[in-house]
Structures are given as C-alpha cells and as structure tokens.
Amino acid sequence: MSGNNIVAQGIERVGVRTFSTREMSFSILGLAHPRICRISHSQPIWADFDGGMGLITDLGDAVGKIRQDIQHKSSLAQVLMGESVLDSAAIHPTHVVVPVSVEDSAPLAKPKHHFPTPRHYEQLEHLRHLQGMVNLDKVVVVTGYGEVSPHGNAETRWEMEAYGQFSLEGCIELAWIMGLIKHFNGVLKATGAMYVGWIDARTEEPVRDIEVKANYEEYILAHTGIRLIEPDLVFGYDPNRRTLLREIQIEHDMEPFEATAEEAATFKHHGGNSVDIWENASGGSWSVRFLKGALIRVPMALQADRLVAGLVPTGWDPRRYGIPDDVVKQVDIVTCYVLVATVEALVRSGITDPYELYQYFHVSEVGNTISSGMGGINSLQGVFK
C-alpha cells in the first residue's frame, strides 16, 4: 500500500484527486454494511476503487514518469549517502556517518563547451561529389580557440555575445580569472573543518557554486567588456586627467632656484637672455633665475573625448594561470596574453603536450604571431629609462 500511496501522491500532482490508504479502507469496509448487503439481493452493486486514475489519459506514461522521478530521487539520495559515508570516514576516525538529505545538497556547476558536434563520416556522404576538388594540404582547419579578451576567454565571450548574459559556469570562470574566488582543498581556519571547493579570495569564506552568480555577477559585469577606462589596467592613464604642457610667458622675474652645472647650462642655452645663471659661493651648485619674458611650460589636465576601451577583466593575473613570477617580470604583458591564449587553444584542441606537434611537423612549421601594443611600449620605456 505504501508504494501505491506514493504513486497516488504523484497522480495528484498531475491534477487528479485520489484516495489515500485510509479513505480506500473506509470505502471497502463500507461495502460490508448491512444496508449495502440488502441492496445486493435485489440489484448488482458497482463500486469504482481506481482512485480516479480512470480519468487520466495515457495513464501508463503518467505513472511511468512518476516512477522515473521516484527512482531518480532514490538514486540521488543513495549517491549522496555514499559520499557522506566517504567524507565521514576521512574526517572522523570513529567512522561516524552524518546523513545528508537531497534537500540539503546544492547543485554543482556543469561546465559546457559551445562548440559544434563533429559529424560522422557517414553523415557527410552527400558531399562525396566534392572529393578531389580541394587540395587538403592548403585547407585551414580550426580545432580550438584561445584568447584573452575583455570578456575573459573564448567561452565566456561567446556566452555574452550569444545570450547577453553569463551562465553560472561563466560567472565561476570569470570570478576565478578576476581573483574574486580561489579553489581550496584543506582545513578551514575559521571552523577547522575539512573543505574542498571555492572560497572567497578576500574573506576565505566557503562559497558554493550556486552562490557565485548571485554574489559576484554585478561586479563582474561592471569590470568586464568594453567599459570606462580603469587607470590601474593601462599603466595609470586616466582620460579625465590627461596631462598637457602649456607654454606661458612670465611677467616678472622669478625667484632663483638651485641646479647642477649641467642643468644650469641647459636652461641658459634654451632661454638665452631671459635666463640668468651663476655659480654659488659654496661651490658645486649653480643658481638659475627666469627673467621677465621667459617662456616656461606648465602641466595642465585635459579631459579626453575617448573614455572607453576594451580592457581585460579587472584582476587578470598571468600568475593565476601558472606562469612563473620570474617570467612575468621579464616579459611584457602582451607576451603573457599570448602564452595564456596559446595554451588555451592547444588544450581545447585536445593537445595537452605541445611537443606532440613535433611528431608530425618540423619545428620550422610550428609557430605563432602576435601584435604589439601598449605592453611592448611599456617594456621599451623600462629598458631606456
């Protein structure tokens, strides 16, 4: 009767009122009433105890779906209980089992790859007439994408361009890229409990997969994509405080200031009669005075008319991808972009060891090409200055 009761509860969810076990028993006992017995001597009695199931169209399909749902919940509970036993065995030496219900469990993220499914050779039979028309040695075949872009990487950019929003998995990946969360496997300092999963990078508090989108999506959207320029990401450049030197002619003699002999000679060479220089009595230093009519350049702030740019996500750090710190300090940021994007393209192509390429290609036939932007300029400035 318990199994029938479960099915009856499921039938109620599809819109039919059914009998409970108590109501069914009451109805059966009602047939043994003396008045019903007297009626049965004169005419047949028809009693319907199908619980209302006769009113359901496609009863077999409806009951099958309910049974499938029950079996799914049962198998899920068994898996969770098995994991609970393993966790308890690892944490508690006394092997105390802590029951875990389905309602207490939180769903985990399921990373997806938005790439077309490759077709079988038989599915391309209708294109056989094209065979021999193209030199396959000169055909470009794209097997994997890799990029460092304003929206993170190829996967997260595709989500934003295709759907206009990040999925739970996309938010988790971007939160990790931006340094908002990090993976943890060990004992939590706050509680002393064993924990494996994501934690907040600042507070080191555990963060469940399902909480990442709610906690960090607003910050992620504000600091990814084409957006207002963030000075920290472009070597301090602030479009609202763009520096410009304005030339001004002074109207009175200025107070003298101290300079070295080389600096004083440079000022005199540039200003001519508008600049006086002399050696100080103490020796070793010179004094410089700008006279009336001398031209000087004064820095001023100029607001630019271009305030947005395609910047990488705030917090992007090549060290997070495993690039050693000494390499990061030696090369410019564009080289780090290339390293990350190249490895991502190889991994998405199914190549986990790049040296595998040299089994099929000569070393001179494998390479990459990169552009040069602010990263290269910044490195040159560091070399010469």
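Helix α4 covers residues 59-91. Helices here are DSSP runs of H or I with at least four residues, strands are E runs of at least two, and both are numbered from the N terminus. At 1.5 Å a residue, the 33 residues of α4 should span 48 Å, and the end C-alpha atoms are 48 Å apart, which agrees. The expected span is 1.5 Å times one less than the number of residues. Ala62, Val63, Ile66, Leu80, Ser84 and Ser88 of α4 are buried (under 20% relative accessible area; exposed is over 50%, partly exposed in between; 1.4 Å probe, protein chains only).

The model is predicted: local features need pLDDT of at least 70, side-chain atom pairs count only at pLDDT 80 or more, and totals for chains, interfaces and linings use all residues. Residues are numbered from 1 along each chain as its sequence is written, and side-chain values use heavy atoms, with hydrogens and water left out.

Helix α6 (residues 168-177) is largely enclosed by the rest of the structure, because seven of its 10 residues are buried. These are Glu169, Gly170, Cys171, Ile172, Leu174, Ala175 and Ile177. Their cover includes α5 (154-163), β1 (181-187), β2 (194-200) and α7 (209-222), with contact taken as heavy atoms within 4.5 Å. Glycine 179 follows α6 and has a positive phi, near 75°.

A positive phi also occurs at glutamate 204, about 60°, although this residue is not a glycine. Glutamate 204 sits in the loop between β2 and β3 (206-207). Its relative accessibility is 38%, so it counts as partly exposed.

Strand β8 (residues 286-290) runs antiparallel to β6 (residues 257-259), joined by three bridges. Pairing requires at least two DSSP bridges between two strands. Alanine 259 stands opposite tryptophan 286 of β8. Strand β7 (residues 275-279) is also antiparallel to β8, through five bridges. Here aspartate 276 has arginine 289 of β8 as its bridge partner. The β7-β8 hairpin has six residues between the strands, and its glycine 283 takes a positive phi near 80°.

The second largest pocket holds about 1,000 Å³ of space. Of its 25 lining residues, Thr342, Ala345, Leu346, Gly367 and Asn368 are the closest to its centre. A pocket is an open set of points on a 1 Å grid over the protein atoms alone, where a 1.4 Å probe fits, with protein on both sides within 12 Å along at least five of seven lines; lining residues have an atom within 4 Å of a point. Volume is the space filled by probe spheres set on the points, joined across faces, edges and corners. The lining comprises 16 nonpolar, eight polar and one charged residue (nonpolar: Ala, Val, Leu, Ile, Met, Phe, Trp, Tyr, Cys and Pro; charged: Asp, Glu, Lys and Arg; polar: the others, Gly among them).
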